Amino acid sequence: MTATPYALELATAAAVACAEKLATDVVAYDVSEVVTITDVFVLASASNDRQVKAIMDEVEEALRGLGAKPVRREGEREGRWILLDYIDIVVHVQHAEERAYYSLEKLWKDCPRIELPEAVRLGNEQAKAAEAAEGAL
């Protein structure tokens with residue numbers, strides 16, 4: 001079994017929304033073969049609490065436009081790792097430090113990685129360049 005077309009549509013929209021708010025390392029995994037509660041995990045990193053929240057707000061707005069509402073939202077108070085559960089997909093936006101520490105990619109490395117639109121890939125590259133330039137100041 002693979003992720004449903006609806007889950008792929010939601011995951012793509014969520015990834016694009018993440019990229020629009022300059023999230024870094026945006027990836028999506030088809031976890032439908034190993035997890036029974038969802039089809040896709042979308043992962044993204046942010047450099048600070050405010051950006052984590054802004055990314056999640058953008059994801060919610062984008063998916064609301066597709067008629068999807070999260071059944072669960074966790075971590076908003078702390079703002080370091082927010083999870084949105086849409087049943088078909090789960091979106092994780094983490095501070096870069098939490099992303100490195102928990103290393104969710106290692107958990108799902110055997111799952112197929114979903115090809116995301118070029119805008120997301122380019123957004124990843126632009127966000128990394130912006131972070132590097134900011135660090136050089």
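Let's start with Glu-98: is it buried or exposed?

Author: Glu-98 is buried, with a relative accessible area of 16%; buried here means under 20%, exposed means over 50%, and partly exposed is in between, using a 1.4 Å probe and protein chains only. Before we go on, a quick word on the ground rules: this is a predicted model, where local features need pLDDT of at least 70, side-chain atom pairs count only at pLDDT 80 or more, and totals for chains, interfaces and linings use all residues. Residues are numbered from 1 along each chain as its sequence is written, and side-chain values use heavy atoms, with hydrogens and water left out.

So what does Glu-98 pair with? Its side chain meets that of Arg-80 in a salt bridge, at 2.8 Å from N to O. A salt bridge means a side-chain nitrogen of Lys or Arg within 4 Å of a carboxyl oxygen of Asp or Glu. The two partners come from distant parts of the chain, 18 residues apart: Arg-80 is in the loop between β3 and β4, while Glu-98 is in helix α3. (Helices are DSSP runs of H or I with at least four residues, strands are runs of E with at least two, and both are numbered from the N terminus.) Salt bridges that share partners join Asp-49, Arg-80, Glu-97 and Glu-98 into one network.

Arg-80 itself counts as partly exposed, at 30% relative accessibility. Glu-97 also forms a salt bridge with Arg-80, and there the closest N and O atoms are 3.4 Å apart. Glu-97 lies in helix α3 (residues 96-102) and Arg-80 in that β3-β4 loop, so this pair ties together parts that are 17 residues apart in sequence.

Elsewhere, Glu-60 and Arg-73 have a salt bridge of their own, at 1.8 Å from N to O. Glu-60 sits in helix α2 (residues 49-64) and Arg-73 in strand β3 (residues 72-74), so the link spans 13 residues of sequence. Glu-60 counts as buried at 14% relative accessibility, whereas Arg-73 counts as partly exposed at 25%. By the salt-bridge rule, the count comes to 8.

And the strand β3? It belongs to an open sheet of 5 strands in the order β1-β2-β5-β4-β3, with mixed pairing; two strands pair if DSSP finds at least two bridges between them. β1 (24-30) and β3 are the edge strands, each pairing on one side only.
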